[in-house]
Amino acid sequence: MNKKEKIVQSAIQVFTEKGVEKTTVSHIVKTAGIAQGTFYLYFPSKLSLMPAIAEVMVQLTLKTVIETVDETASFDEQLQQFTDAIFAVNKEHHEIQAMIYSGLASTEHLKEWESVYAPMYQWVSSLVENGQKQKVIRADSHPDQLAKLIIGLTESAAEQIYLYDEEFDQDIRATEQKRETLLFLMNALGYTK
């Protein structure tokens with residue numbers, strides 16, 4: 001792991017433990033085992049870490065999606081597997097997701113979100129293109145735009161459960177939310193077998 005990766009991993013750990021507001025650069029460099037000056041070679045401030053942390057999470061999410069989605073499955077099965085993967089990542093890493101959103105919203109780095117998400121957009125766009133080629137979903141929309149909508153809806157649905165919902169049994173609510181999300185997506189895409 002290089003020094004920049006150490007900084008990012010340490011920041012994730014310290015932000016999760018202390019919160020973004022209470023964390024200082026000194027806390028991050030101490031956990032990383034590097035000099036404070038080294039931190040500033042890579043990042044001008046603690047909040048400038050947010051795009052790098054978001055990139056780590058997008059890579060983790062994409063890895064989970066790729067491992068979960070069976071390339072030989074039908075389009076509807078792949079979309080369900082994609083939804084399952086997004087919900088699983090949000091369940092496991094909801095603290096980091098909340099931290100990213102709070103950190104990005106309070107900085108000028110929010111504009112970097114689109115470039116951080118580019119690999120995920122590309123993967124979902126390919127899924128949409130395949131569905132259009134198989135003629136199982138409508139072909140009157142651009143795959144890149146649909147990819148952004150699919151990701152946005154699915155992540156938002158998962159976040160509603162794992163970031164905002166205080167109900168006792170999240171697993172039951174998550175199952176219902178996934179089912180409704182998938183049903184909405186299939187209808188919006190004009191899915192036909």
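**Helix contacts and overall fold in close-up**

**View A. Helix α5 passes helix α8 in a right-handed crossing.** Right-handed here has the near helix turned clockwise from the far one by less than a right angle, and left-handed anticlockwise. The model is predicted, so local features need pLDDT of at least 70 and side-chain atom pairs count only at pLDDT 80 or more, whereas totals for chains, interfaces and linings use all residues. Residues are numbered from 1 along each chain as its sequence is written, and side-chain values use heavy atoms, with hydrogens and water left out. Helix α5 covers residues 75–92, and its axis comes within 9 Å of that of α8 at a crossing angle of roughly 45 degrees. Axes are lines fitted to C-alpha atoms, for helices over the stretch in contact, and angles between N-to-C directions run from 0 to 180 degrees. The two helices, α5 and α8, are therefore oblique to each other; angles under 35 degrees count as roughly parallel, over 145 as roughly antiparallel, 65 to 115 as roughly perpendicular and the rest as oblique.

**View B. Residues of α5 meet residues of α8.** From α5 come Leu79, Phe82, Thr83, Ile86, Phe87, Asn90 and Lys91. On α8 they meet Ile150, Ile151, Thr154, Glu155, Ala157, Ala158, Glu159, Ile161 and Tyr162. By class, this contact of α5 with α8 has ten nonpolar, three polar and three charged residues (nonpolar: Ala, Val, Leu, Ile, Met, Phe, Trp, Tyr, Cys and Pro; charged: Asp, Glu, Lys and Arg; polar: the others, Gly among them).

**View C. Helices α8 (residues 143–164) and α9 (residues 170–188) cross at roughly 160 degrees, their axes coming within 9 Å.** That angle makes α8 roughly antiparallel to α9. The α8 and α9 crossing is right-handed. Contact (heavy atoms within 4.5 Å) involves Ile150, Leu153, Thr154, Ala157, Gln160, Ile161 and Tyr162 of α8. The α9 side consists of Gln170, Arg173, Ala174, Gln177, Thr181, Phe184 and Leu185. Eight nonpolar, five polar and one charged residues make up the contact of α8 with α9.

**View D. UniProt, in an unreviewed entry, places the feature "DNA-binding region" at residues 24–43.** UniProt positions follow the numbering used here, feature names are shortened, and annotations may be inferred rather than shown by experiment. Residues 24–43 are 75% helix and 0% strand, with the end C-alpha atoms 13 Å apart.

**View E. The protein has nine helices and zero strands.** Helices (H or I, at least four residues) and strands (E, at least two) are DSSP runs, numbered from the N terminus. The C-alpha trace spans about 60 × 35 × 30 Å along its principal axes.
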